[in-house]
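Reader: I am new to this structure and would like to go through it step by step. Could you take my questions one at a time?

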Amino acid sequence: MCGIVGYLGPQNPKDIIVSGLKKLEYRGYDSAGIAILDGGKTKRVRAAGKLKALEDKLLSEKFDGHIGIGHTRWATHGAPNERNAHPHQVNGVSLVHNGIIENYMEIREDLLARGAQISSDTDSELVAHLIAEEIVKTADLYKAVQKTLVKIRGAFSIVAFWEENPHQLVAFKDGPPLVVGLGINETFVASDVQALLQHTNKFIYLDDREIAVITGADIKIFSAEGVSISKKSVELNWDPQMVEKQGYPHFMLKEIYEQPRAVASAMAPHVNTEDFSVKLKNVGFGSPVHALDELESESDWKKTQEVLKGIERIFIIACGTSSYAGMVGKYLFEQISKIPVEVDIASEFRYRNPVIPNKTLVMTISQSGETADTLAAIRLAKEKGATTLSICNVRSSTIDREAHGHLYMNSGPEIGVASTKAFTSTLAILSTVAIAFARTREVINQKQEQEFVRALLAAPSQMEGVLAYDKYFDEAAHRLKKYKGFLYLGRGVSFPIAMEGALKLKELAYMHAEGYAAGEMKHGPLALIDENMAIVMLAPHDELYEKSISNLEEARARGAQVIAIGTGDNEKLKSISQYYLSLPPAHWMINPLLEAIPLQLMAYHLASSLGYDVDQPRNLAKSVTVE
Ligand code: F6R
């Protein structure tokens, strides 16, 4: 994971790098560092802990110079201390690294046998040593990097400069993302465009095994083998303001509140608000991502329909919160489109040699579009002959570029490490696709399609309505503090939301929580119930409501402490729970969108009242680009 920023140009690199790292801190916050070539000598400052520790150290430092690199670390090899912080420096070569070098033990032993002075426990420093060894022979950083690449295995990105050539930055990507930002007479490199939006909206996305050689304002891209590659730049319309907190105490809270708008933006391109129909817009099966905006929508939709008609089953593959969105997708596709769906966690799918029959659509869901396991899963699915369709938030991300068809969450940048608006936007887009599938395969008629679309269009204002009750979710969160464990329960389409609610509590408040299908309680988890265990029950008014009530009664009879979330002013739920939170009446397809909000807000309030850093929970990073 880790965040990388590099700069070459007329400005002082320090502020550019530090402000870029701030935008990338979501990728890792174990340590941070910066190296700037200043008057022919590299000045390096590093600090353990969050970026703030580095900023404090930098207050007393003055930098000149025009080339520099910076890094914020999510530790893999070596403890999160200053010694292991990047940039690493070996004989005038400074390097930052994101990813894992798999053969690092071997490399380390070889280097030590050759008398290398290794000063950290990282795999990253070893790469700097290898480059430094090569540079003695080649006197050329690009060639030295190229020669080093044949010696290292793994999934990694690096950016380096060399004291002897103050006009050159070299970047290589094989796995974790790297973009080159194009300014006027200046060039930037970063792990994510968010780090650079305040300087440019023009980017070149490096593909795997590509090297960018940045010399002044000149950028040349080569394959790892040295073949020159011509690449198009992409212009993004993201506003730098989108990556600011805009008055909210945390990005997470801002992003929770942005959900009605995010959900509306997710469905907007595909939904006709006059005749209440769905036409998926510019999915571009078989077209490269950069050409999507130029597609003729009507013929693209025909092509999409042809693909959908030929599909007999769907696999949805994702990790974490995105996989719970995928589980909701299973209910949507099976109930609305009558098509069988399997949902798989990417890290399992990729290693279990899955059987993918003909006529299978493999859908991947990934906010970042860079999650290593999901990326490996989509590659495997393609190898096995499946048609692939990605749902990403970050356009032109690796998964987006590799998929046959493309859909977008359209949530805007999500900075809080815990996913919120990307989750609900995904639910909206999955509903839209389910309706499109159903209509194309003629399993629903126009009237039914209109009913579904009307329900979808009502969702953003219903979500606004739920957000208005935040003070009650805050109050409920305070009640949760006293419990030692939590069971989040739901049935049907609410079951994945229970799993998602439990994950939010675990990752933000560091409390043990499990999401369970309510009907499973009597098969084991009932034994857990005592006065220290709280149950968070999702019981919306849908066709499984009566069954949910029975499950809740069973738990209550054994002394469970209950927070119930249901529809409207529900006397029954009130009477069998310690605390009742009401949601507005909604279509069953929309209930998950509404239920997600109190669960997100309860976890948020609980964690922040306990003094935890909700935007950057311990041990986590937003974009998981390593296995
Ligand atoms: C939890 C969370 C993670 C991500 C997961 C997948 O709040 O954010 O579980 O959902 O790491 O990330 P993406 O969607 O970027 O593939």
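Reader: From which domains does the shell around the ligand draw at least three residues each?

Author: This is a predicted model, and in it 14 residues surround the ligand, with Ser322, Ser366, Ser368, Thr371 and Glu507 as the closest. Two helices, α9 (320-337) and α16 (495-509), each supply at least two residues of that shell. The domains that each give at least three residues to the shell are domain 2 (259-464) and domain 3 (468-609).

Reader: How do the residues of the shell divide into nonpolar, polar and charged?

Author: Among the closest residues around the ligand are Ser322, Thr371 and Glu507, and for Glu507 a polar side-chain atom lies 2.5 Å from an oxygen atom of the ligand. Taken as a whole, the shell divides into four nonpolar, eight polar and two charged residues.

Reader: Which residues bring a polar backbone atom to an oxygen atom of the ligand, and how much of the ligand's accessible area does the protein cover?

Author: A polar backbone atom of Thr321 is 3.1 Å from an oxygen atom of the ligand, while for a polar backbone atom of Ser419 the distance to a ligand oxygen is 2.9 Å. Of the 400 Å² of accessible area that the ligand has on its own, the protein covers 90%.

Reader: Where is the cis peptide bond that involves Pro87?

Author: Most peptide bonds are trans. Pro87 belongs to the loop between β4 (67-73) and β5 (88-90), and the cis bond, with omega at about -5°, joins His86 and Pro87.

Reader: What is the phi of Phe276?

Author: Most residues other than glycine have a negative phi. Phe276, which is placed in the loop between β16 (271-272) and β17 (277-278), instead has a positive value, with phi near 55°.

Definitions and conventions: Residues numbered from 1 in each chain as written. Predicted model: local features only at pLDDT ≥ 70, side-chain atom pairs only at ≥ 80, totals over all residues. Heavy atoms only, no water. Near = heavy atom within 4 Å. Polar contact = N/O pair within 3.5 Å; in protein donor to acceptor, adjacent residues only side chain to side chain. Areas by Shrake-Rupley, 256 points an atom, 1.4 Å probe, with all protein chains shown as cover. Helix = DSSP H or I, 4+ residues; strand = E, 2+ residues; numbered from the N terminus. Nonpolar A, V, L, I, M, F, W, Y, C, P; charged D, E, K, R; others polar. Domains from an automatic or database assignment.
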